[in-house]
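Subject: Structure handover

Hello,

Here is the structure I said I would pass on. Please have a look at it first, then read the notes below.

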Amino acid sequence: MATILEQIQNDTKDAMRARDTETTTTLRMIASSIKNRAIELRRDVDDDEAVGILTTEAKKRREAATAYREGDRIELAEKEERELEIIQKYLPAQLTDEEAAKVVADTITEVGAETRKDMARVMGAVMPKLRGVYEGSKVKDLVMQQLS
């Protein structure tokens with residue numbers, strides 16, 4: 001089975017053959033991010049680390065699209081959203097709010113948390129479970145709701 005980076009590289013070639021410049025450019029950017037991380041680590045990046053990189057790239061696109069929309073730069077926001085769609089093809093299926101809330105509830109039970117004072121323990125245990133499959137900025141809100 002191909003790694004995420006290999007899949008991105010193969011899809012880049014296909015996009016180049018199809019003369020799809022936007023997809024080609026986006027795939028090259030994310031492949032470059034993964035390769036740069038491998039250089040920093042001085043070893044190959046595994047798929048879990050690649051998912052983390054892709055999640056970061058997706059978050060950047062989401063935030064940029066929001067900022068462009070607020071600034072009435074619709075054409076730039078749409079470009080960021082198209083790039084986000086391309087990146088999301090390589091991310092695991094995202095959990096719904098209800099599914100993530102269930103994971104949080106199970107984790108709270110596992111660590112025996114009862115009050116908001118236990119939030120750090122819950123966050124430390126739940127984030128690895130939700131990394132790449134649920135937006136990290138929403139996890140804190142779910143934990144706060146369930147610990148109050």
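Which side chain does Glu83 meet in a salt bridge? The partner is Arg61, with N and O 2.6 Å apart. Please keep in mind that this is a predicted model.

The pair links distant parts of the chain: Glu83 belongs to helix H4 (residues 74-88) and Arg61 to helix H3, and 22 residues separate them. Both Glu83 and Arg61 are buried.

The overall picture

The chain has seven helices and zero strands, so its pattern along the sequence reads α-α-α-α-α-α-α. Of the 148 residues in the chain, 32% are buried. The C-alpha trace spans about 55 × 40 × 25 Å along its principal axes. The accessible surface of the chain is about 9,400 Å², and carbon and sulfur atoms account for 50% of it. If you take the contacts between residues at least 6 apart in sequence, 58% of them join residues at least 24 apart.

Other salt bridges

The structure holds 15 salt bridges. One of them is between Asp106 and Lys102, where the closest N and O atoms are 3.2 Å apart. These two residues sit in helix H5 (residues 97-111), four residues apart, which is about one turn of the helix. Asp106 counts as partly exposed because its relative accessibility is 36%, between the limits of 20% and 50%.

Another salt bridge joins Glu110 and Lys129, with the closest N and O atoms 2.9 Å apart. Glu110 lies in helix H5 and Lys129 in helix H6 (residues 119-130), so this pair ties together parts that are 19 residues apart in sequence. Glu110 has a relative accessibility of 56% and therefore counts as exposed, whereas Lys129, at 37%, is partly exposed.

Some salt bridges share partners, and these join Glu57, Lys60, Arg61, Lys79, Glu80 and Glu83 into one network.

Charges

Glu6, Asp46, Asp47 and Asp48 form a negative surface patch. Asp47 is found in helix H3 (residues 47-70). Is Asp47 buried or partly exposed? Asp47 is partly exposed, because its relative accessible area is 31%.

Regards

Terms used. Residues numbered from 1 in each chain as written. Predicted model: local features only at pLDDT ≥ 70, side-chain atom pairs only at ≥ 80, totals over all residues. Heavy atoms only, no water. Patch = residues over 30% accessible without salt bridge, like charges linked within 9 Å, V, L, I, M, F, W, Y side chains within 5 Å. Areas by Shrake-Rupley, 256 points an atom, 1.4 Å probe, with all protein chains shown as cover. Salt bridge = Lys/Arg side-chain N within 4 Å of Asp/Glu carboxyl O. Lys, Arg positive; Asp, Glu negative; His and termini not counted. Charge placed at Lys NZ, Arg CZ, Asp CG, Glu CD. Buried < 20%, exposed > 50% of the residue type's maximum accessible area, 1.4 Å probe, protein only. Contact = heavy atoms within 4.5 Å.
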